[in-house]
Amino acid sequence: MPRQPLVVLVEDQEALGSVLGELFAREGYDVVSVHDCTAARAVAKEREVDLLVLDATAAQEREPVETVCLDHPGIAVIAVRNPEDVTVPFFGPWRLDGRVATLRRPFKLDDLLSAARELVAPV
């Protein structure tokens with residue numbers, strides 16, 4: 001039996017992290033919730049991570065995320081950004097660029113799951 005894809009949620013708001021974790025688990029993903037990028041890096045050292053979902057405003061520390069991506073080039077990333085962030089042009093609710101999807105806040109849960117499925121489909 002194939003393993004469920006592992007999603008690491010980086011979310012500093014515990015309640016939101018819990019809701020998103022339950023959402024991904026119901027969709028067939030294995031989920032680990034962490035509060036910062038350093039903890040996400042530690043999980044990636046221990047387990048095979050398929051998808052990193054990153055609250056970009058909570059993750060002020062870019063270096064640990066970049067290190068995870070360099071150490072694990074196959075990892076997919078969903079970065080949630082604030083609407084005033086104009087560094088990434090949007091043509092819909094989320095934007096895919098290779099193995100990185102960018103989602104603009106506020107987002108719909110369906111859009112988050114659609115981006116995740118596009119990057120890593122559950123078993």
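I count a contact where heavy atoms lie within 4.5 Å. With that rule, residues 24 or more positions apart account for 60% of the protein's contacts with a separation of 6 or more.

**Ground rules**

I am reading a predicted model, where local features need pLDDT of at least 70, side-chain atom pairs count only at pLDDT 80 or more, and totals for chains, interfaces and linings use all residues. Residues are numbered from 1 along each chain as its sequence is written, and side-chain values use heavy atoms, with hydrogens and water left out.

**Entry 1: the overall layout**

I looked up the secondary structure first. Helices are DSSP runs of H or I with at least four residues, strands are runs of E with at least two, and both are numbered from the N terminus. The protein has four helices and six strands. I followed them from the N terminus and wrote down β-α-β-α-β-α-β-β-β-α.

Next I checked burial. Buried means under 20% relative accessible area, exposed means over 50%, and partly exposed lies in between (1.4 Å probe, protein chains only). Of the 123 residues, 44% count as buried.

Then I looked up the surface. Accessible areas come from the Shrake-Rupley method with a 1.4 Å probe, and for residues only the protein chains shown count as cover. The protein exposes about 6900 Å². Carbon and sulfur atoms supply 51% of that area.

**Entry 2: strand β3**

How many residues of β3 are buried? I found five of the five, so β3 is largely enclosed by the rest of the structure.

I then checked which way the side chains point. In a regular strand the side chains alternate between the two faces of the sheet. In β3, Leu51, Val53 and Asp55 point one way. Leu52 and Leu54 point the other way.

Two strands pair if DSSP finds at least two bridges between them. β1 and β3 pair in the parallel sense over four bridges. Leucine 9 stands opposite valine 53 in β3. β3 and β4 (residues 76–81) also run parallel, joined by five bridges. There, leucine 51 stands opposite alanine 76 in β4.

**Entry 3: salt bridges**

My rule here: a salt bridge is a side-chain nitrogen of Lys or Arg within 4 Å of a carboxyl oxygen of Asp or Glu. The structure holds four of them.

I began with arginine 3 and aspartate 50, whose closest N and O atoms are 2.8 Å apart. This pair links distant parts of the chain, 47 residues apart. Arginine 3 is in the segment before β1 (6–10), and aspartate 50 is in the loop between α2 and β3 (51–55). Is aspartate 50 buried or exposed? Aspartate 50 is buried, at 15% relative accessible area. Arginine 3 is partly exposed, at 39%. I also noted a network of salt bridges that links Arg3, Glu48 and Asp50.

Next came glutamate 27 and arginine 117, which meet in a salt bridge at 3.1 Å, N to O. Glutamate 27 lies in the loop between α1 and β2 (30–34) and arginine 117 in helix α4 (residues 109–119), so the pair ties together parts 90 residues apart in sequence. Glutamate 27 is partly exposed, at 30% relative accessibility. Arginine 117 is partly exposed, with 39%.

Then I looked up arginine 47 and aspartate 30, with closest N and O atoms 2.6 Å apart. Arginine 47 lies in the loop between α2 and β3 and aspartate 30 in strand β2, so this pair ties together parts 17 residues apart in sequence. Arginine 47 is partly exposed, at 37%. Aspartate 30 is partly exposed, at 26%.

**Entry 4: rings**

Rings of Phe, Tyr and Trp (its six-membered ring) pair if their centres lie within 6.5 Å; planes under 30 degrees apart count as stacked, over 60 as edge-to-face and the rest as tilted. I counted one aromatic pair by this rule. Phenylalanine 24 and tyrosine 29 form it edge-to-face, 5.4 Å centre to centre with 75° between the planes. Both phenylalanine 24 and tyrosine 29 are buried.

**Entry 5: two spots in helices**

Valine 19 lies in helix α1 (residues 14–26). Valine 19 is partly exposed, with a relative accessible area of 45%.

Lysine 45 is in helix α2 (residues 37–46). Lysine 45 is exposed, at 58% relative accessible area. I also checked its C-alpha distance to aspartate 71, 26 residues apart along the chain, and found 8.8 Å.
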